[in-house]
Amino acid sequence: MNGLEGILNGFSQALTLVNLIACFVGVLLGTIIGVLPGLGPTATMSLLLPITLNFNEPVTGLIMLAGIWYGAQYGGSTTSILVNIPGEAASVMTCIDGNQMAKKGRAGAALSIAALASFIAGTVGIIGLQFFAPPLAKAALSFGPPEYLCLMILAFTLLTNLTGSSPTKGLLMAFVGFFLGTIGTDSQTGMNRFTLGSADLMGGIDFLPIAMGLFGIAEIISVLIDKESNQQLEKVRFKDLFPNKEELKRSSKPMFRGSILGFFIGLIPGPGPTISTFISYSLEKRLSKIKDQFGKGAVEGVAGPEAANNSAVTGSLVPLLALGIPFAPPAALLLAGMRMQNIEAGPMLFQQFPNVFWGIVASMYLGNIMLLILNLPLVGFFAKIASIKPMFLMPVVSILCLIGVYSVRNNIFDIWIMLLAGIIGFFLRRKNYPVAPLILALVLGPTTESAFRNSLTILNGNLSSLFERPIAAVLLAVTIIYLIATVGRKYIKLKKLNTAVSK
Amino acid sequence: MRKYSHLITYLLVIALIGLLVTGCGSKENVASANAPDKKKAVAFPEKPINFWIPYDAGGGSDIIGRALVEAAQKNLDKPIVIVNKPGTSGAVGLKELYNAKNDGYTLLTNTTTIVTHKLLGTIPYNHHDYEPIITFNYEPGSIAVPANSPYKDIKEFIDYAKKNKVKIATSAKGGIWNIATQAFIKQAGINADVVVEGGGGAKAVVMAAGGHVDAVVASPLEMFTQLKSGNLRLLSVFGPERVDAFSNVPTFKEAGYDLSITTTRPLLAPKGTPKEVLDVLYKAFKTAAEDPKYIKTIKDMGAMPLLLGPEETIKFFDKEEKVMEKILKESGQI
Amino acid sequence: MDTINIRVRFKEIIFPALFLISGILIVITAKKYEIGSITNPSAGLFPLIIGFCLIILGLMDLRNIIYMSTSEAEVLDKDTVIKIIAVFLILIVWPAFLGLLGYVLVTFIVTLILAKLFSLGGWIKPVILAFGTTVFIHLSFKEWFYLDLPDGQVIDWFKFLIGG
């Protein structure tokens with residue numbers, strides 16, 4: 001079946017009533033759980049998986065499961081923008097500028113840009129999936145632990161430049177995050193590390209309690225301090241709900257760059273959406289002419305990462321469908337759904353079950369349009385939430401933080417972690433320590449450690465042979481060039497400053 | 001006040017959407033409500049049953065567990081909710097089950113690690129500390145190499161590995177395939193580094209499929225896609241008999257070695273769960289494990305069916321404990 | 001003047017000092033876990049590296065703070081501090097009493113008190129807000145997502161009292 005025939009066949013399936021409904025239910029559920037903190041696509045897909053097995057056509061259930069997954073990426077940014085609480089790791093970067101925009105009364109614009117970015121990224125991702133899945137999947141396999149390690153080195157080099165304050169503080173927080181990631185039972189040896197004999201700590205520290213504490217609880221306290229925020233915000237006018245021309249123009253390029261970047265990062269193992277957001281953010285910051293705006297409500301800082309995390313999800317469908325390899329927990333559930341209906345993902349999928357592949361691809365085009373139509377009206381609704389007085393909003397937000405954290409593992413211990421992180425986060429903020437690097441490092445730490453240790457074994461302990469592997473060498477070269485450029489620029493700046501002073 | 005009334009309206013709208021979706025989504029509830037009301041001595045289940053899978057979603061235990069739940073759902077009036085609780089090759093889940101309420105609403109599937117964890121000292125519990133309901137499946141360990149490797153069979157691989165150091169990828173320490181790998185290295189007398197990935201065999205399989213290591217030890221189920229798609233080649237199976245899905249691949253015994261490691265999956269409830277409740281669960285899951293559809297599903301994936309009752313399960317794992325102890329001692333792991 | 005300066009400085013260096021000490025502690029603890037060999041690294045290696053990095057970065061941060069002028073965050077007045085502590089205490093009530101009171105009661109109470117702490121006037125508005133939140137939590141998390149929220153021991157006592 002060639003491409004055109006395939007996609008037409010796909011649409012003929014996706015456009016049946018039952019599949020359209022399945023797609024809609026999927027993306028609607030996805031949007032809702034994306035907005036609610038704590039509940040993620042994994043838990044919801046796991047809950048609905050048994051139901052999806054009962055449809056007549058296997059593709060119906062898979063369309064619904066996939067819809068939940070990419071739909072959740074749309075909703076994920078909402079709480080980040082409105083109340084500075086990232087519901088998932090991939091929307092941590094959106095908090096930085098998105099919430100600043102909301103504080104300036106541009107919540108509607110930020111939300112619209114996020115929805116638009118998600119739509120464009122989703123579509124770009126599907127185009128990639130449709131045309132390049134098999135060759136790209138092979139490329140994904142060549143990404144072993146050494147390549148992953150080099151990507152992480154690059155990513156954390158970029159991270160130092162991420163937030164406004166000093167690189168030292170950023171790196172310091174990243175290493176605290178790495179340390180928190182090592183707490184618990186070591187995934188390779190089963191050894192208990194830094195658990196202080198506590199059974200709860202054996203399971204490790206989850207991302208969400210820390211993120212909710214450092215962002216959410218800290219935000220609640222800052223509202224208490226900031227008395228002026230208790231004043232009624234300006235009434236949101238209809239035209240304020242949507243981005244103005246300048247904002248649209250500024251965010252169009254970041255959206256496309258983020259889409260392409262996210263798609264490729266989605267192909268590789270590890271938490272792709274998360275990595276893609278902060279690489280996109282630092283890329284936009286680097287390319288921007290108004291660097292000082294970043295962290296103060298730059299629309300590029302919302303458009304880029306939001307596009308990246310959405311296309312990363314689509315990107316991770318490539319190894320899933322073309323190789324049968326799930327790189328993320330939701331992908332694993334989708335795979336489980338396929339295998340339980342005896343649909344084997346992998347190269348045979350295109351020959352044996354072309355209907356399934358093309359049906360999912362076509363439904364994703366439709367799903368993304370549905371999400372855009374669903375989300376744009378919601379912008380008005382959510383933007384009003386941002387203008388609700390804190391005295392109404394904050395109690396509800398507090399409860400949602402508590403229950404959201406509890407919902408992840410049904411564990412009260414996680415709530416204590418969140419409250420502790422809240423206290424510490426409050427002081428960290430006052431001392432200008434950026435908290436985003438800490439959270440990102442916590443999420444990426446375990447995979448980084450694993451890649452590091454496995455690289456040592458695979459390379460016989462000789463890290464210099466990283467340069468013998470083409471992909472790894474390229475990534476390291478980019479890192480080195482970046483470092484030289486950054487240091488060089490600082491040096492030039494200092495020199496200019498000195499000459500100016502001496503004159 | 002106006003703003004405030006907005007908030008309530010919005011909350012109600014969200015709640016309503018939730019209700020609507022629940023109404024559309026929970027087909028099972030409707031089906032079970034219509035199920036004939038059998039006169040039962042015990043009112044069980046009265047609420048959803050939590051079915052814990054102590055491994056990552058998409059792994060071997062997850063897929064087999066879900067297939068079993070799918071078959072068992074027909075026999076129970078309330079939904080069975082699957083919860084993944086990964087960590088330390090199932091030890092985290094076992095520990096939580098030990099402390100869980102013994103009312104029959106919390107069940108856990110496990111693997112042969114139920115005996116090895118205590119032997120290795122990870123956690124102080126084994127199968128005697130729980131109420132087994134049934135045993136529902138087993139899978140042998142197996143070894144595969146990247147498809148472009150020169151070795152055609154296990155003998156050639158062992159010959160090569162005796163002269164050269166090889167890298168073998170497998171699951172984390174304490175996991176059953178890690179034990180199998182150590183035992184294999186010892187038995188075959190080869191020179192190997194073990195590359196370990198946490199969270200089941202899936203990640204190790206990916207590493208081997210990409211050619212980053214020389215071999216991988218996992219179950220045929222976990223390697224299935226990569227074997228079928230030609231990224232990996234199965235060399236040998238560490239089980240008592242050949243696997244249905246790959247009947248042309250000889251067992252390790254056939255190659256002249258004395259090593260058989262399988263992972264067997266029991267379903268457990270916390271100790272002290274009432275006998276009547278256990279009976280209800282036994283009936284439901286026994287019927288499920290006998291379901292031809294379930295048997296076909298798991299066979300097609302490269303796994304093997306097996307059905308043991310509670311007492312047989314205890315006896316089986318008593319025997320398995322001795323076997324594993326011997327393997328662990330001989331390969332110097334304890 | 002000098003003493004004030006030293007006190008401000010002391011507040012400034014608490015965090016870098018803390019990171020420094022944590023780094024040292026992590027290095028010491030990591031050494032107890034197996035470091036492994038360079039070809040077969042074990043559980044201790046990565047924490048060891050983290051510990052060293054924390055020490056180095058902590059020292060750099062300390063140096064930056066001592067040699068560079070830093071902007072001090074605004075000082076909080078007493079009322080705000082009391083309010084922050086109160087909010088924290090109320091937030092602690094939720095996890096602490098979840099098992100005893102059950103999620104319905106505890107959610108209602110915590111939302112109600114929080115609303116008052118965020119200076120929502122009167123009693124009718126806070127009660128309706130608390131009620132709405134509780135209903136929402138019940139519907140979405142309990143009914144919809146089967147979240148295992150404890151009903152509370154109070155319910156059991158109540159059932160016992162009415163002879164259920």
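Predicted model: local features only at pLDDT ≥ 70, side-chain atom pairs only at ≥ 80, totals over all residues.

Student: Does B:Glu290 count as buried, partly exposed or exposed?

Tutor: B:Lys286 has 28% relative accessibility and therefore counts as partly exposed. For B:Glu290 the relative accessibility is 41%. Buried would require under 20% and exposed over 50%, so B:Glu290 is partly exposed.

Student: Which parts of chain B does the salt bridge of B:Arg265 and B:Glu139 tie together?

Tutor: The side chains of B:Arg265 and B:Glu139 come to 2.3 Å, N to O, in this salt bridge. The two residues are 126 residues apart in sequence, so their pairing ties together separate parts of the chain. B:Glu139 belongs to strand β4 (residues 130-140) and B:Arg265 to strand β10. Both residues are buried, and the parts tied together are strands β4 and β10 of chain B.

Student: Is B:Thr264 buried or exposed?

Tutor: B:Thr264 is placed in strand β10 (residues 262-270) of chain B. Beyond its neighbours within four places in sequence, B:Thr264 is in contact with residues including B:Asn110, B:Thr135, B:Tyr138, B:Leu306 and B:Phe317. Its relative accessibility is 1%, and B:Thr264 therefore counts as buried.

Student: How many residues separate A:Glu247 and A:Arg106 in the chain?

Tutor: A:Glu247 and A:Arg106 form a salt bridge in which the closest N and O atoms are 2.7 Å apart. A:Glu247 is in helix α11 (residues 245-266), while A:Arg106 is in the loop between α5 (92-103) and α6 (107-141) of chain A. Both A:Glu247 and A:Arg106 are buried. The pair links distant parts of the chain, and the separation is 141 residues.

Student: How many salt bridges does a search of the whole structure find?

Tutor: The search covers all chains, and its total is 25.

Student: Which salt bridge joins chain A and chain C?

Tutor: Across the interface of chain A and chain C the rule finds one salt bridge. Its side chains meet at 3.2 Å, N to O, and the pair is A:Lys169 and C:Asp61.

Student: Which element of chain A gives the most to the side that touches chain C?

Tutor: Across this interface there are six residue pairs in polar contact. Several elements of chain A each supply at least two residues of the side that touches chain C, among them α10 (207-225), α18 (390-409) and α20 (436-458). The element that gives the most, with 13 residues, is α18(A).

Student: What share of the area buried between chain A and chain C do carbon and sulfur atoms give?

Tutor: In this interface, 67 residues of chain A are in contact with 67 residues of chain C. A:Leu224, A:Ile399 and A:Ile403 supply 10% of the area that chain A buries against chain C, more than any other three residues. The area buried between the two chains is about 6,000 Å², and the share from carbon and sulfur atoms is 81%.

Student: What distance separates the centres of the two domains of chain C?

Tutor: Chain C is divided into domain 1 (2-67) and domain 2 (78-161). Taken over C-alpha atoms, the centres of domain 1 and domain 2 of chain C are separated by 40 Å.

Student: What is the phi of A:Asn460?

Tutor: Most residues other than glycine have a negative phi. A:Asn84, in the loop between α4 (58-83) and α5 of chain A, has a positive phi of about 65° although it is not a glycine. A:Asn460 is placed in the loop between α20 and α21 (470-502) of chain A, and is partly exposed, with a relative accessible area of 47%. The phi of A:Asn460 is likewise positive, near 55°.

Notes
Residues numbered from 1 in each chain as written. Chains lettered and ligands numbered in written order. Heavy atoms only, no water. Contact = heavy atoms within 4.5 Å. Buried area = accessible area lost by both parts, 1.4 Å probe. Salt bridge = Lys/Arg side-chain N within 4 Å of Asp/Glu carboxyl O. Polar contact = N/O pair within 3.5 Å; in protein donor to acceptor, adjacent residues only side chain to side chain. Helix = DSSP H or I, 4+ residues; strand = E, 2+ residues; numbered from the N terminus. Domains from an automatic or database assignment. Buried < 20%, exposed > 50% of the residue type's maximum accessible area, 1.4 Å probe, protein only.
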